[in-house]
Amino acid sequence: MRKFQKVSSVILTAILTGALVLGCGAEKEESKADDTKSAQTEVSKEEDTKTEEPVTLLVAAAASLEYSYEDELIPMFEEANPNITVEGTYDSSGKLQTQIEEGIEADIFMSAANKQMNALVDEALVDKDSVVELLENKIVLITSADSTLDLKEFTDISKAQTVAIGDPESVPVGQYSQEALTSLGLWDEISAKASLGTNVTEVLNWVAEGSAEAGIVYATDAATTDKVKVIAEAPEGSLAENAIYPVGIVSASANKEAAQKFVDFLQSDEAIAVFEKYGFIQNK
């Protein structure tokens, strides 16, 4: 009987030892599997990083977009897309159109009017399918903040002795100004005493500094400084169509995937909220 008990004890010990060994082996195998999975994940992350090659985009945008782009939109986009750097060049839409026609290596064009965008689409220099009529702006009459002129309505611009407007030949805000003043029967009178700015920023600065008693700019530009005050918007019906800001991808771009990401970002709720903060209106 004692012999049987002794044998049973030996067998039980052997079974328990075997179970312990098997358990340890299983834990080691599981640990090894976890280590392998972790290593594969790290390799996958490294491969993803390697595939995201650094890209630099050049955005050619209307001068009235500079503050919203540089102060908020570009930093927001770059933070969400660390492999993409966005650089902006800002001027009148007409000048930017000419630069694209002459071969500037821009990836994206955003103009302050459909005229320049449509011209580039017709010349096959901007991809037609990429164009989005994104924003709307307003045309306003302004004076310097400390002006003593008694101006209350848009048509009171005729009371100013010196006036600043954008050059209608190349500056969309100048084209809108000419259209509004023509429909109001004031173009001949105002153009005779007007200084023509090369972009809307120049017009704004002339009025802010007192070089011109009054001027016509976008509402968004007037909102960027406390050195001017808005007298009135262009009367309803004085413009054939609203001041629309379209954006599109330049056909010669070598970074179209990244460019499309930026165009998509500009249409996001987050970006639209920034545009509205600067006085733009989403075009619907």
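Q: What is a salt bridge?

A: A salt bridge is a side-chain nitrogen of Lys or Arg within 4 Å of a carboxyl oxygen of Asp or Glu. Side chains of opposite charge can pair when their charged atoms come close. The structure shown here is a predicted model. In this model, Lys 277 forms a salt bridge with Glu 72, and their closest N and O atoms are 2.6 Å apart.

Q: Where in the chain do Lys 277 and Glu 72 lie?

A: The pair links distant parts of the chain. Lys 277 belongs to helix H10 (residues 269-277), Glu 72 belongs to helix H2 (residues 66-80), and the two are 205 residues apart.

Q: How many salt bridges does a search of the whole structure find?

A: The search finds 4 salt bridges. Among them, Glu 136 pairs with Lys 138, with the closest N and O atoms 3.2 Å apart. Glu 136 is buried at 10% relative accessibility, whereas Lys 138 is partly exposed at 28%. Another joins Asp 156 and Lys 159, whose closest N and O atoms are 3.9 Å apart. Here Asp 156 is buried, with a relative accessible area of 13%, while Lys 159 is partly exposed at 42%.

Q: Which residues gather in a patch of negative charge on the surface?

A: A residue of such a patch must have over 30% relative accessible area and no salt bridge. In this structure the patch holds Glu 101, Glu 102, Asp 122 and Glu 123. Glu 101 is located in helix H3 (residues 93-101). The relative accessible area of Glu 101 is 35%, so this residue is partly exposed.

Q: Which value of phi does Ala 124 have, and where does this residue lie?

A: Ala 124 has phi near 60 degrees, a positive value in a residue other than glycine. Ala 124 is in the loop between helix H4 (114-122) and strand S4 (132-137). With a relative accessible area of 55%, Ala 124 is exposed.

Q: How many helices and strands are there in the chain, and what share of its residues is buried?

A: The chain has 10 helices and 11 strands. Of its 284 residues, 42% are buried. Among contacts between residues at least 6 apart in sequence, 79% join residues at least 24 apart.

Methods
Residues are numbered from 1 along each chain as its sequence is written. This is a predicted model: local features need pLDDT of at least 70, side-chain atom pairs count only at pLDDT 80 or more; totals for chains, interfaces and linings use all residues. Side-chain values use heavy atoms; hydrogens and water are left out. Helices (H or I, at least four residues) and strands (E, at least two) are DSSP runs, numbered from the N terminus. Buried means under 20% relative accessible area, exposed over 50%, partly exposed in between (1.4 Å probe, protein chains only). Contact means heavy atoms within 4.5 Å. Patches are made of residues with over 30% relative accessible area and no salt bridge: like charges are joined within 9 Å, nonpolar side chains (Val, Leu, Ile, Met, Phe, Trp, Tyr) within 5 Å. Accessible areas come from the Shrake-Rupley method with a 1.4 Å probe; for residues, only the protein chains shown count as cover. Lys and Arg count as positive and Asp and Glu as negative; His and the chain ends are not counted. The place of a charge is taken as NZ of Lys, CZ of Arg, CG of Asp or CD of Glu.
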